[in-house]
Protein chains: 2
Amino acid sequence: MSTSEEKISGSPYHHGDLRAALVTAAAELVTCCGPAAVSLREVARIVGVSHNAPYRHFPTRQALLAAVAAYGFEMLFKEMKQSSLSPDPAEHLQLIGRVYIGFALRHRGVYQLMFSDEIQKSEYPELRAIAEAGFNSLQEHVVALNPNLHGSGATVTVWGLVHGIAHLILDNQLKQHDENDPNHTQLVDLATRILTAGLINTKSLAADAAMPSGCPMGADAELG
Amino acid sequence: MSTSEEKISGSPYHHGDLRAALVTAAAELVTCCGPAAVSLREVARIVGVSHNAPYRHFPTRQALLAAVAAYGFEMLFKEMKQSSLSPDPAEHLQLIGRVYIGFALRHRGVYQLMFSDEIQKSEYPELRAIAEAGFNSLQEHVVALNPNLHGSGATVTVWGLVHGIAHLILDNQLKQHDENDPNHTQLVDLATRILTAGLINTKSLAADAAMPSGCPMGADAELG
DNA sequence: CGTTCAAGTTGGCAATGTCAACATAAGACG
DNA sequence: CGTCTTATGTTGACATTGCCAACTTGAACG
């Protein structure tokens, strides 16, 4: 009923679902102006509550951003799953790459936030869990392409590639491509072809075999 | 003579080489505490000048960070050049990958800054120029591996891969790897092997041929 | 009806980026 | 040698921010 966008009027207390409204407003702010533009006070202003209301739902600014990032991860992985149409593993990986880059381009700010150093992911287990699920899903497709690559190293390689390209694109680091290939589909197709060719032609490698299988993400690092 | 670290004493005006001192102090701060910890006032405090002195040398905080990033790019490319030892192109690319990741690990904060969204690279042409040189250097090695890949797409792929992996590592996104492979050399070796296998086995592709050769980076985007 | 307590409110603090106005010292010019 | 200019620092101020503390409200429950 309520727009969840602004407090219509009602009583000044008990907003209704302030938490969701904050996340939504923050997500829009991130989308339009980037992660740096998100301040708790501005978000509160947009939603129409006092500058300290958000603290009832998020202990810190970073926690709000983490919620937005989690929302972004969910969107991304949902899109990736919905693209699971092709029976050919190589083609499938290419599709996933396109979806990944497409998401990064369409949700530029949110994507930047998801991998921004403004969020210490180790402190937000929900983030870790979501990313873990995505990683495992990706690993299935890698193994489908080449059963020898059952270690996590190959999957990290795939993820690293699309992630790195997405980052370079969003950083405006690639200029001439923008002109000839605005959606970067040609670039992504080339990259995924190169990679799948490499994956197929790679026998079980010591380096990969030495890695534990399963998702390597997230657990608290306890480096000495 | 002066430590370039702090103002020894002398007259309260005319520091000597404040600009360099600011960059140095900022770089150390970035190295130890991350890009977010760098405030102009803190840097000024470290150097021993008033909170507004930096504005005589940098019009904005971002400009100071850009200078630190430029310093970082120079270091990185210098390391990459110094590692140009192997005559075998594939081995060479592997070396470059190791150097790249090694740099990211050793200069974590600076590396994060170099690709942080806190710096709008399009506004700092010096950054563009330095990155351009590095890209071109990398492209030479890619072409040496497979002359068919003379377009920029393959080079972007290589860069994207190492960059993406570096990013994932620095984000603490890879956990179990940290234990078995603290320097991530095994991971990098596997990734570069997969990639070089793909590069070698990739004939001239329409997608790559369609790309203009030369560096695609940096020029101001004038998207409609 | 009275209590409790989550959910919002006002007020305040220290820190930051940046603007404006002022001060100084080092070198140019008479 | 004396003055003037100006690059370089300085002090002061303002709006904004994250976050803490103390107060208020109103809905749910006995």
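With 13 C-beta neighbours inside 10 Å, A:Glu74 counts as partly exposed. The residue belongs to helix α3 of chain A, in a model that is predicted.

Of the 224 residues in chain A, 44% are buried. Among the contacts in chain A that link residues at least 6 apart in sequence, 71% join residues at least 24 apart.

The buried residues in α3(A) are A:Leu64, A:Leu65, A:Ala66, A:Ala67, A:Val68, A:Ala69, A:Gly72 and A:Leu76. These buried residues pack against α1, α2 (40-47), α4, α5 and α6 of chain A. The partners of α3(A) can now be taken in turn.

Helix α1 (residues 18-33) of chain A packs against α3(A) at an angle of about 80 degrees, and the two axes are 9 Å apart. Because of this angle, α1(A) is roughly perpendicular to α3(A). On the α1(A) side, the residues that meet α3(A) are A:Leu22, A:Val23, A:Ala26, A:Ala27 and A:Val30; on the α3(A) side they are A:Leu64, A:Ala67, A:Val68 and A:Tyr71. Classified by type, this contact holds nine nonpolar, no polar and no charged residues. The spacing of such positions along a helix can be read with a general rule in mind. An α-helix has 3.6 residues a turn, so residues three or four places apart point the same way.

Which residues does A:Val68 touch, once those up to four places away in sequence are not counted? They are A:Val23, A:Ala26, A:Ala27, A:Val30, A:Val110 and A:Leu113.

Helix α2 of chain A is another partner of α3(A). A:Leu40 lies in this helix and is buried, with 20 other C-beta atoms within 10 Å. Leaving aside neighbours within four places in sequence, A:Leu40 is in contact with A:Pro54, A:Arg61 and A:Leu64. The C-alpha atoms of A:Leu40 and A:His51, 11 residues apart along the chain, are separated by 7.1 Å. A:Val47 is also placed in α2 of chain A, and it is buried, with 20 other C-beta atoms within 10 Å. The C-alpha atom of A:Val47 is separated by 43 Å from that of A:Ser86, a residue 39 places away along the chain.

Helix α4 (residues 89-106) of chain A has 18 residues and reaches 25 Å from its first C-alpha to its last, close to the 26 Å expected at 1.5 Å a residue. Its buried residues are A:Leu93, A:Gln94, A:Ile96, A:Gly97, A:Val99, A:Tyr100, A:Ile101, A:Phe103 and A:Ala104. The elements that cover them include α3 (61-82), α5 (108-114), α6 (125-145), α7 (152-170) and α9 (185-200) of chain A.

A:His184 is located in the loop between α8 (176-180) and α9 of chain A. Although A:His184 is not a glycine, it has a positive phi of about 60 degrees. Is A:His184 buried or exposed? With 24 other C-beta atoms within 10 Å, A:His184 is buried. In chain B, B:His184 lies in the loop between α8 (176-180) and α9 (185-200). Its phi is near 65 degrees, a positive value in a residue other than glycine. B:His184 is likewise buried, with 24 other C-beta atoms within 10 Å.

Note on methods. Residues numbered from 1 in each chain as written. Chains lettered and ligands numbered in written order. Predicted model: local features only at pLDDT ≥ 70, side-chain atom pairs only at ≥ 80, totals over all residues. Helix = DSSP H or I, 4+ residues; strand = E, 2+ residues; numbered from the N terminus. Expected span 1.5 Å × (residues − 1). Buried ≥ 20, exposed ≤ 12 C-beta atoms within 10 Å, placed from the backbone. Contact = placed C-beta atoms within 7 Å. Axes fitted to C-alpha atoms, helices over the stretch in contact; angles between N-to-C directions. Parallel < 35°, antiparallel > 145°, perpendicular 65-115°, else oblique. Nonpolar A, V, L, I, M, F, W, Y, C, P; charged D, E, K, R; others polar.
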